[in-house]
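Please look at the sequence and the structure below. The paragraphs after them go through the structure one part at a time.

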Amino acid sequence: MTRFHIRQLNKSVDKTSFDCGQPELNDYIRHYASQDVKRNVARVFIATPESAETQLAGFFTLSAGSIHCSELPEAFAKTLPRYPVPVAILGRLAVDVHFQGKGLGSILLTEACQRVAHASSTLAVIGIIVDAKDAAAEFYRHFGFTPLPGKPNKLLLPTTTFAPKTLIR
Ligand SMILES: CC(C)(COP(=O)(O)OP(=O)(O)OC[C@H]1O[C@@H](n2cnc3c(N)ncnc32)[C@H](O)[C@@H]1OP(=O)(O)O)[C@@H](O)C(=O)NCCC(=O)NCCS
């Protein structure tokens with residue numbers, strides 16, 4: 001089984017041959033991800049096989065954002081103040097076609113949750129929001145993300161479901 005090294009985007013990785021089957025995501029990692037990092041708009045994390053450290057197998061991005069409680073499921077919104085609340089945004093997550101269906105998407109999603117859990121001990125967020133592509137919304141539901149009311153492709157995973165209490169209390 002392939003083992004992966006996950007770390008921040010760096011210059012040594014080959015972004016040009018990455019293909020996840022979604023041109024928009026391919027284009028993002030090839031041309032825009034580094035700029036977003038430099039401008040502090042997103043942090044970009046990459047996975048490379050331990051045996052081929054320059055081969056890009058997958059990536060995800062994390063940014064800070066906010067959401068108004070009127071967009072959230074009522075039961076959850078009731079527990080929150082009536083003004084925009086902070087969230088982590090999982091902006092993009094993609095796996096190269098050669099590695100899809102082998103568990104790397106799950107590994108990247110778990111890593112994203114762990115990083116948000118740790119970050120949330122310093123910078124509070126109520127959860128992770130993802131704007132999924134049509135074909136991927138089911139992938140996130142599989143891991144417990146729930147769609148926001150009237151927005152089947154915009155999903156939330158509350159911090160309380162993945163961050164240990166010892167980390168955030
Ligand atoms: C969606 C994507 C990230 C999944 O990555 P992956 O490495 O293929 O996923 P995994 O092998 O870790 O699959 C984990 C589980 O999710 C399920 N799954 C994977 N892709 C799925 C999808 N599109 N819809 C529903 N379930 C999916 C798998 O069946 C697996 O289930 P299991 O745990 O019961 O075996 C990947 O297919 C991809 O990059 N697609 C193109 C880009 C994209 O759409 N990204 C999302 C943008 S928001």
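Pro73 sits in the loop between strand S3 and helix H2 (74-77); helices (H or I, at least four residues) and strands (E, at least two) are DSSP runs, numbered from the N terminus. The model is predicted, so local features need pLDDT of at least 70 and side-chain atom pairs count only at pLDDT 80 or more, while totals for chains, interfaces and linings use all residues. Residues are numbered from 1 along each chain as its sequence is written, and side-chain values use heavy atoms, with hydrogens and water left out.

Pro73 counts as partly exposed, because its relative accessibility is 22%; buried means under 20% relative accessible area, exposed over 50%, and partly exposed in between (1.4 Å probe, protein chains only). Leaving aside residues up to four places away in sequence, Pro73 touches Leu148 and Pro149, where contact means heavy atoms within 4.5 Å. Thr146 is 73 residues from Pro73 along the chain, and their C-alpha atoms are separated by 9.0 Å.

Lys154 belongs to strand S7 (residues 151-158). Its side chain makes a polar contact of 3.4 Å with the side chain of Glu71. A polar contact is a pair of N or O atoms within 3.5 Å; within protein, one must be able to donate a hydrogen and the other to accept it, and residues adjacent in sequence count only if both atoms are side-chain atoms.

Next come the strands. S2 and strand S3 (residues 58-67) pair in the antiparallel sense over five bridges; two strands pair if DSSP finds at least two bridges between them. Within this pairing, Val44 has Thr61 in S3 as its bridge partner. Strand S1 (residues 4-8) is also joined to S2 by five bridges, and these two strands run antiparallel. Is S2 enclosed by the rest of the structure, or open? Six of its seven residues are buried, so S2 is largely enclosed.

The loop between helix H1 (23-38) and strand S2 (43-49) holds Asn40. Asn40 is exposed, because its relative accessibility is 58%. Its phi is near 60 degrees, a positive value in a residue other than glycine. Most residues other than glycine have a negative phi.

Another loop, between strand S4 (85-95) and H3, contains Lys102. Lys102 has a relative accessible area of 57%, so this residue is exposed. A polar atom of its side chain lies 2.9 Å from the backbone oxygen of His98.

Which residues come nearest to the ligand? Of the 23 residues around it, these are Val95, Gly101, Gly103, Gly105 and Ser106; a residue is near a molecule if one of its heavy atoms lies within 4 Å of it. A backbone N or O atom of Gly101 is 2.8 Å from a ligand oxygen atom, and for a backbone N or O atom of Lys102 the distance to a ligand oxygen atom is 3.3 Å. In Ser106, a side-chain N or O atom lies 2.6 Å from an oxygen atom of the ligand. Taken alone the ligand exposes 900 Å², of which the protein buries 71%; these areas come from the Shrake-Rupley method with a 1.4 Å probe, and for residues only the protein chains shown count as cover.

Gly105 is also one of the buried residues of helix H3.
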